[in-house]
Amino acid sequence: MKEMEGIKLLIIDDEAEFAATLCRRLHLRSIDAVDAHSGEEGLARLSEVNPNIVILDLKMHDMNGLDVLEKIKDYDASIEVIMLTGHGSARAGIEAREKGAFGYMIKPVDLSDLLIKIAEAVKKQADGNEGNEGDEGKT
């Protein structure tokens with residue numbers, strides 16, 4: 001999947017085995033993915049990884065994923081966040097969207113569905129950047 005090359009993706013999920021497996025599967029599709037196993041670790045790795053996309057668990061042992069989402073958006077609003085949870089609800093999905101999440105998916109997720117969502121997030125990000133390019137230099 002050549003269109004996936006150049007994507008930097010951060011997976012924040014306290015299920016370490018799940019996150020590591022997802023990383024390996026994304027690497028096989030030419031996506032540069034790294035994992036963090038808590039909300040605090042994920043936030044600390046933002047400046048190191050400089051991700052285009054974050055895949056974020058909703059319920060973690062140290063922080064609520066919605067709180068992590070807010071901090072990610074405060075850090076860089078252009079990072080697209082896909083919430084991926086095993087404890088989903090319609091209310092949490094609505095709240096995630098209101099806080100700026102690009103997507104909200106329920107585990108177990110089919111990898112092809114996740115790849116489609118990642119591609120959509122990358123396209124949205126690219127479309128946003130194209131719109132901003134015309135604004136450069138304007139005062």
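pLDDT is the predictor's confidence in each residue, from 0 to 100, and contact means heavy atoms within 4.5 Å. The model shown here is predicted, so local features need pLDDT of at least 70 and side-chain atom pairs count only at pLDDT 80 or more, while totals for chains, interfaces and linings use all residues. Residues are numbered from 1 along each chain as its sequence is written, and side-chain values use heavy atoms, with hydrogens and water left out.

**View A. Confidence along the protein.** The protein has a mean pLDDT of 91, and 91% of its residues reach 70 or more. Confidence is highest in strand 3, at a mean of 98, and lowest in helix 5, at 86; helices (H or I, at least four residues) and strands (E, at least two) are DSSP runs, numbered from the N terminus. Over residues 133–139 pLDDT stays under 50, and the model has zero contacts there beyond four places in sequence.

**View B. The buried face of helix 3.** Helix 3 spans residues 65–75, and its buried residues are Gly65, Leu66, Val68, Leu69, Ile72 and Lys73 (buried: under 20% relative accessible area, 1.4 Å probe, protein chains only). Seen down the helix axis, these fall within an arc of 155°, so they line one face; the arc is that of the directions from the axis to the C-beta atoms. Their cover includes strand 1, helix 2, strand 3, strand 4 and helix 4.

**View C. Gln125 in helix 5.** Gln125 lies in helix 5, residues 111–133, and is buried, with a relative accessible area of 11%. Beyond its neighbours within four places in sequence, Gln125 touches Asn52, Ile53, Ser78, Ile79 and Glu80.

Technical notes. Buried means under 20% relative accessible area, exposed over 50%, partly exposed in between (1.4 Å probe, protein chains only).
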